[in-house]
Amino acid sequence: MKRGLIAMLCLLAFVAPMAMAQSKPFVAMVTDSNGLGDGSFNDGVWAGLKKAETDGLATVKVLESHAMTDYVPNLSGLAEDGAKLVFGVGFLMVEQIQEAARANPKTFYAGIDHTYDGTIPPNLIGISYKEQEAGYLAGIVAGYMTKKYASQSPLLNDKNVIGAVLGMDIPPVERYLAGYIAGAKSVNPTVDVRYIVLGNFSDRAKGKEATLTLADQGADIVIQLAGLAGMGVIDAARERKIFAIGADVDQYSAAPDYVLTSALKGTTMSAYVTIKDLVNGKLKGGVNRVFGLAEGAIDIAPFHNHDKIVPAEVKNAVAKAKTDIAQGKIKVPETLADLGIKK
């Protein structure tokens with residue numbers, strides 16, 4: 001009798017954690033062709049999944065894509081493996097994730113950097129960001145520092161030129177750029193903002209080459225809006241001894257002496273919130289969700305060891321802009337056309 005009771009208790013002790021583990025939803029992610037280690041939005045979304053796992057909300061998995069032809073097989077394969085929610089990362093996956101969602105109606109899909117037009121499959125969520133707001137904050141910093149406070153660092157000059165390197169001319173990138181230009185000109189109306197479009201998000205060498213060109217034209221601060229290729233911007237900043245501004249996530253650690261700040265969009269936060277909604281039974285498909293400064297998803301990164309060279313005037317201007325944007329007092333332009341700039 002006693003041995004039977006002990007055996008039953010041991011079985012319960014073994015089964016209970018198994019049942020708890022099985023009760024956690026399986027959540028997965030498909031990267032774009034840059035994969036993990038891009039130091040940008042693939043890594044940012046994966047951090048959201050890992051946080052959900054650490055907090056006991058879900059079990060998680062990632063599939064790295066090596067080419068665009070991997071997108072549909074990866075997205076559908078995870079549904080077949082039992083995933084309750086699959087994130088597809090990157091604007092170039094817009095069509096493929098819709099195809100996968102229609103083919104796997106019992107699985108939720110969430111497209112990062114996606115906004116869907118027309119009828120959206122009821123199991124699909126578009127997740128986009130107000131990148132223009134992050135660009136605006138970064139532009140304020142660059143616009144002030146490039147000339148007025150050039151004496152604060154040997155990496156700055158008085159030529160009043162700043163730059164941007166874009167991976168591709170797509171809406172999320174244009175929003176970043178439009179905000180960056182608007183923010184810079186709001187504090188420095190005569191600043192010359194120059195930009196180069198690479199045509200891809202993966203060619204790090206090309207990103208470096210473009211930044212060297214901008215540096216030759218006088219730019220002392222260059223923001224990278226180019227994913228993995230944007231790491232070449234940071235490489236060039238280190239070589240030419242100018243400042244880089246990172247994007248999507250805090251890229252300070254890539255080059256602590258040369259990354260002034262980073263324009264942040266809450267890929268980690270939005271992924272985590274979406275998983276939490278799934279767990280709580282609140283996740284709804286067939287919608288587009290937009291995350292901005294008012295939702296706590298947009299900011300700029302700390303200045304880290306450059307904090308002492310950034311004057312209070314600059315920090316105060318950034319803080320005021322955050323408040324004004326969140327309260328709707330500043331409407332940041334989303335396109336170059338909004339600024340009266342022709343492509």
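**Figure 1. Residue classes in the lining of the largest pocket of the predicted model.** The lining residues divide into 14 nonpolar, 8 polar and 5 charged (Ala, Val, Leu, Ile, Met, Phe, Trp, Tyr, Cys and Pro count as nonpolar, Asp, Glu, Lys and Arg as charged, and the others, Gly among them, as polar). In this predicted model, local features need pLDDT of at least 70 and side-chain atom pairs count only at pLDDT 80 or more, whereas totals for chains, interfaces and linings use all residues. Residues are numbered from 1 along each chain as its sequence is written, and side-chain values use heavy atoms, with hydrogens and water left out.

Figure 2. Of the 27 lining residues, Asp 32, Phe 41, Leu 92, Ile 170 and Phe 201 are the closest to the pocket centre. Two or more lining residues come from each of α6 (171-187), β8 (221-225) and β9 (243-248); α6 gives the most, with 3 residues.

**Figure 3. Crossing of helices α7 and α8.** The axes of α7 (residues 204-216) and α8 (residues 231-240) come within 7 Å and cross at roughly 45°; the two helices are therefore oblique to each other. The crossing is right-handed. Contact (heavy atoms within 4.5 Å) involves residues including Arg 204, Lys 208 and Asp 216 of α7 and Asp 235, Glu 239 and Arg 240 of α8. By class, this contact has 5 nonpolar, 3 polar and 6 charged residues.

Note on methods
On a 1 Å grid over the protein atoms alone, a cavity is a set of points where a 1.4 Å probe fits but cannot get out, and a pocket is an open set with protein on both sides within 12 Å along at least five of seven lines; lining residues have an atom within 4 Å of a point. Helices (H or I, at least four residues) and strands (E, at least two) are DSSP runs, numbered from the N terminus. Axes are lines fitted to C-alpha atoms, for helices over the stretch in contact, and angles run from 0 to 180 degrees between N-to-C directions. Angles under 35 degrees count as roughly parallel, over 145 as roughly antiparallel, 65 to 115 as roughly perpendicular and the rest as oblique. A crossing is left-handed if the near helix is turned anticlockwise from the far one by less than a right angle, and right-handed if clockwise.
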